[in-house]
Amino acid sequence: MRLWGWGLTECDPQGYPLILLMVGIHPMSLARWPFLPDRLTDVLAEDIVRFILAGSAVRLGMPTAIVEVDARADGGSFSSHISTDDPLLNFTSFCMFLRGQEGAGPRFVGAEQACLASDGQAALQFFNGQMRCDPGHSGALYTCHMGLYNYAAPITVAGRDVALILSGQRRPENPAQLEAISSNLDAMGREGSTIQVASGDKDKLKRLIEEIPLAVDDPLGRLEKEADRIAGFANEKWRLQKREHEEEFIRSLRVCDTAHEALLDADLERLLREAAEWCGVMWAALFVSERPGGSLLTKVLRSGLELAASGVWPHFNWRKAGLPDVEQGTVEEALDIRAIEKGIRGYNAPLWFGSVGFAYAVSLATGHRAMFCFGRRPDGLGLIGESDFLGRLAHQICHPYLERRQFLELKSREMEWEDATSLIGHEVRGSLQPIQAEADIVRKRVIEGETLISQERVEQALDAITGQCKALADVATEALDFWRWTVGKNHREFKRRPLAQIVRSSVEELRGFALREYIEIRVDPSVDKLPEVEVIGQTLEVALRNILENAIKYSFDRKYIEVRPRVEHGFVTLEIENFGIGIPEEERARVFEKGYRGPYRGRMTERRGMGLGAWQAREIARAHGGDIECASYAGERHPRPGDVHGFKTVFRLRLPIDQTGRFDGTE
Amino acid sequence: MSDVAPYEGRVALYFEDQPEQVQAIQDWLRVKLGLRLVQATTLAEARSSLSSQKLDLIILDIRIRDDEPGEQGGMQDWTRCGFNFLKDLREGKFGGLTPHSIPVLVITCVVNTADVEEILDAGNTSGGRCLYLAKPVRLDTVERAVRYLMA
């Protein structure tokens, strides 16, 4: 149990606290975030409540008590009764005599119980809405079981009514009401009454009625002020403790320091699980931009949510959610439900945003972005009021993760450049070698008069030099493409273009090359029905060309390549299938590595390339929020004549239809 | 000028995955030194040449793209394919008619000092001699290197 202390910073003239400075932790029974109190004494110790209450009674000049209700119970239920230690602050002389607290022993057996029951009944009626509040007031006037005037005002902590402060025991001025008190006294001791009467005491009570004071000026307003004061103490205390617990939890969250993205992702999923469990929400998920400055947040990391049996997850569109596209600085804000509806798109999107309890957007100045979603709580508790903590929680998880990703990306970019530089150097030197050697052949014959070299060989050497010059130019083009792609990563504009046109023009560009290799490219007519997609410049043509070129290179001749589209779950999939040497299973992942080339096939007249095509195609697909995969099957339909078995190889280029565009405000 | 065709009847293997790089060297060494070059573009072809005939010299590239699986079953690192071949050769892993101390001329794009040192270390062991030339290389240089190695 943890102790708590408090100090007075300001008192009224009687020495009762107006403002309390509270320190430390009270032994609260609030076990689960957001630590909502069910009762006032969950937040403030009963002794403290009693002490504060004494101050209220003195300031009000009326007897005062507090009745707690259990906020968990439907409509509230009576929980406990708290009064000050000083009977003079609790009762008028009438009530004190009635309850037997004046003189020796109770004169009216059951009177105290009836009084407590009356207070409890008042609390239940108040919280059940059976007590009508006065206009402009949160509290209400009521009469007790004896007919005295009383006042009630709720004490609200963390938005919950956890107690009712009662004050009053005032004499009504209305003669009919006064008569009612006498009638109540007369009824005591009769059959059916819970109060036993001692002889001769009724007369004293009737005399004491005259001594009951009348109501003070504005009793309800003053009582409400006291209720607010107590609630203020309790709320401050609650916030302090809540904040301390929350900070402690946030401090405990750490993103691991790893150089592997997979481990980083696993670590983040662990953090999401911990956050979801701690907050008592049904799930937590994070959308992350795959590249800096990308509007598409396609990477989905999650805990406790499985709404994509197909493996296709929705995505979050930063721009369509209406979030600012800042070049400098960061964005950190809680999103309203409308922004979430606009932002979450694609497969199962309505189910997702339908179960979001809270969402928070985070971005770094480098353009790395994330959207943290919390699912709803099973108890239906709204999370918007907790946006301060949930925002800090999202910040604590997202920032280190995004910064780590940024670091990994820079590192991989550096390695990419190192690889590419080495590859380009290799290709340039490789192409220069035959030029040098063939030029030497020419020199030997023409300049040095070497007769061992024939005129025909000289002509052959000149042809080879010309061919290699072209190959060298191709290396330069490929290197330039690579440079543009990597350097231009952060400055890509999306424009809506018809996919059919992109497919057709890419195919037409390679049709001649394919025919020279005796290969026909067949395009499924349904391609023309494909929707427009948002693409970065001409990059999609480059990706398609790269895949088609490989399909041609590694096809058997006198066969065909098929291009087929498929539209599902907000994505277009273009299948490019060839029939040829195939790709063994163990090599399929490597096909997309930089520098990977299939086996040389001898009959190729074109340069073989640096092995950047498939890698680049995948980079392009991913920059569009899509991806590429490849599969290869033993081909039984078209076995090649001879001893080689053919394989069907399919490259599937998947692209989102409607996810990359700018938010135009019309949706 | 040295005698024409001093290595008539001798055979060299040129292991290089890009045939266009071989042609001029092959022709020149044949007419000038009488040396016959057989080409291998894959590891399988290179091994087959080693076991099927007695070779007098190996000319070798280092960065060779070959789809043969590596030792762990996955793809081997193509940037070290020729280097691994050279190491295996010197360790006598190939057997066959060719001695593992056969002279080796490495003609490659690899220019990194550490890599070159590694190549020369691996090549000049087990009694074998190894020279390294960086692409692009002149025919005269190749010829001199071959003469040195085969002397």
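Okay, before anything else, one definition: when I say two residues touch or are in contact, I mean that their C-beta atoms, placed from the backbone, lie within 7 Å. With that in hand, take Ala394(A), which touches Tyr360(A), Val362(A) and Phe372(A), leaving out residues up to four places away in sequence.

A quick word on what you're looking at. This is a predicted model, where local features need pLDDT of at least 70, side-chain atom pairs count only at pLDDT 80 or more, and totals for chains, interfaces and linings use all residues. Residues are numbered from 1 along each chain as its sequence is written, while chains are lettered from A and ligands numbered from 1 in the order in which they are written.

Back to Ala394(A). It's found in helix α11 of chain A; helices here are DSSP runs of H or I with at least four residues, strands are runs of E with at least two, and both are numbered from the N terminus. Is Ala394(A) buried or exposed? Buried, with 26 other C-beta atoms within 10 Å. For the record, buried takes 20 or more other C-beta atoms within 10 Å of a residue's own, exposed is 12 or fewer, and partly exposed is in between, again with C-beta atoms placed from the backbone. Cys373(A) is 21 residues away from Ala394(A) in sequence, and 8.8 Å away in space, C-alpha to C-alpha.

Now the sheet. Chain A has an open one of seven strands, in the order β11-β13-β14-β8-β9-β10-β12, with antiparallel pairing. Two strands pair if DSSP finds at least two bridges between them. β11 (332-334) and β12 (344-345) of chain A are at the edges with a single partner strand each, so one side of each has no neighbour in the sheet. On the β12(A) side, two bridges tie it to β10(A), residues 315-317, running antiparallel, and there His315(A) sits opposite Arg345(A).

Two helices of chain A pack on this sheet. Helix α8(A), residues 261-279, touches β8 (284-289), β9 (296-303) and β14 (369-375), and its direction makes about 60 degrees with that of β9(A). Helix α11(A), residues 387-446, touches β11, β13 (356-363) and β14, at about 45 degrees to β13(A). Those angles run from 0 to 180 degrees between N-to-C directions, with axes being lines fitted to C-alpha atoms, for helices over the stretch in contact.

Let's stay with β8(A). Six of its six residues are buried, so the strand is largely enclosed by the rest of the structure. Six bridges join β8(A) to β9(A), antiparallel, and Val288(A) has Lys299(A) as its bridge partner. The hairpin of these two has six residues between the strands, and Gly293(A) there takes a positive phi near 80 degrees. Towards β14(A) there are five bridges, also antiparallel, with Ala284(A) opposite Phe374(A).

Last stop, chain B. It has five helices and five strands, in the pattern β-α-β-α-β-α-β-α-β-α along the sequence. Of its 151 residues, 45% count as buried. How many residues of chain B are in contact with chain A? 25, against 24 residues of chain A. The largest share of that side of chain B, seven residues, comes from helix α1(B), residues 23-33.
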